[in-house]
Amino acid sequence: MSLSDPIADMLTRIRNAVRINKDQVNIKASNICEGIAAVLKKEGYIEDFDRIDDSKQGILRITLKYNQEGRSIINEIARTSKPGCRIYSPVDKLPHILAGMGTAIVSTSKGVMSDRDCRQANVGGEILCTVN
């Protein structure tokens, strides 16, 4: 079975794992999913991620992060740009999620970055998803 949207699959798996308080979640590996996981780790939404090689595509194992009360750090994670309707934004029009408390993950010509990194590097791109 081939996936038409691996990013949406990744976000759905993370969302479902957070709802049942799982420690880890496995996702089919791809370069874009690995880039999103790297941004989530850098921004402090997940503990860590590892790429596990198997005889096929590979697996990304993401370790989720919870606070001291046992609540997930990720409250909401949503896909913005979809395969049928791509959403691009120049750097000056990148969204401020929750007045800067959330993060927009953007695919740029310099790789996958958070909205903060895009503003520092002065690049725009496709808004993949938002996290808060």
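**From the surface to the core**

Guide: This is a predicted model. Lys-56 has a relative accessible area of 73%, so it counts as exposed.

Visitor: Where is Lys-56 found?
Guide: Lys-56 sits in the loop between β2 and β3.

Visitor: Okay, zooming out. How many helices and strands are there in the protein chain?
Guide: You get 3 helices and 8 strands. Along the sequence they run α-β-α-β-β-β-β-β-β-α-β.

Visitor: How does the radius of gyration compare with the globule rule?
Guide: The radius of gyration is 14 Å, close to the 14 Å the rule gives for 132 residues, so the chain is as compact as a globular protein of that length. The C-alpha atoms fill a box of roughly 40 × 40 × 25 Å along the principal axes.

Visitor: What share of the residues is buried?
Guide: 42% of the 132 residues count as buried.

Visitor: Let's go inside. Which residues have the most contacts in the largest nonpolar core?
Guide: Met-10, Ile-14, Leu-40, Ile-62, Leu-64 and Ile-105, in a core of 27 residues. The elements giving two or more residues to this core are α1 (6–19), β1 (24–28), α2 (31–42), β2 (46–52), β3 (59–64) and β8 (125–131).

Visitor: Which element gives the most?
Guide: α1 does, with 6 residues.

Visitor: Stay on α1, then. Which of its residues are buried?
Guide: Ile-7, Asp-9, Met-10, Leu-11, Ile-14, Ala-17 and Val-18. The buried residues of α1 pack against β1, α2, β3, β4 (77–79) and β8.

Visitor: What does Met-10 touch?
Guide: Leaving out residues up to four places away in sequence, Met-10 touches Ile-27, Cys-33, Ile-36, Ala-37 and Ile-62. There is also a second, separate core of 8 residues, which includes Val-106, Met-113, Val-123 and Ile-127.

Visitor: Back to the helix: how does the span of α1 compare with what it should be?
Guide: It agrees: at 1.5 Å a residue, the 14 residues of α1 should span 20 Å, and the end C-alpha atoms are 20 Å apart.

Visitor: And what happens just after α1?
Guide: Asn-21 takes a positive phi there, about 55 degrees.

Terms used
Residues numbered from 1 in each chain as written. Predicted model: local features only at pLDDT ≥ 70, side-chain atom pairs only at ≥ 80, totals over all residues. Heavy atoms only, no water. Core = buried A, V, L, I, M, F, W, Y, C linked by side-chain atoms within 4.5 Å. Buried < 20%, exposed > 50% of the residue type's maximum accessible area, 1.4 Å probe, protein only. Helix = DSSP H or I, 4+ residues; strand = E, 2+ residues; numbered from the N terminus. Contact = heavy atoms within 4.5 Å. Expected span 1.5 Å × (residues − 1). Rg over C-alpha atoms; globule rule 2.2 N^0.38 Å.
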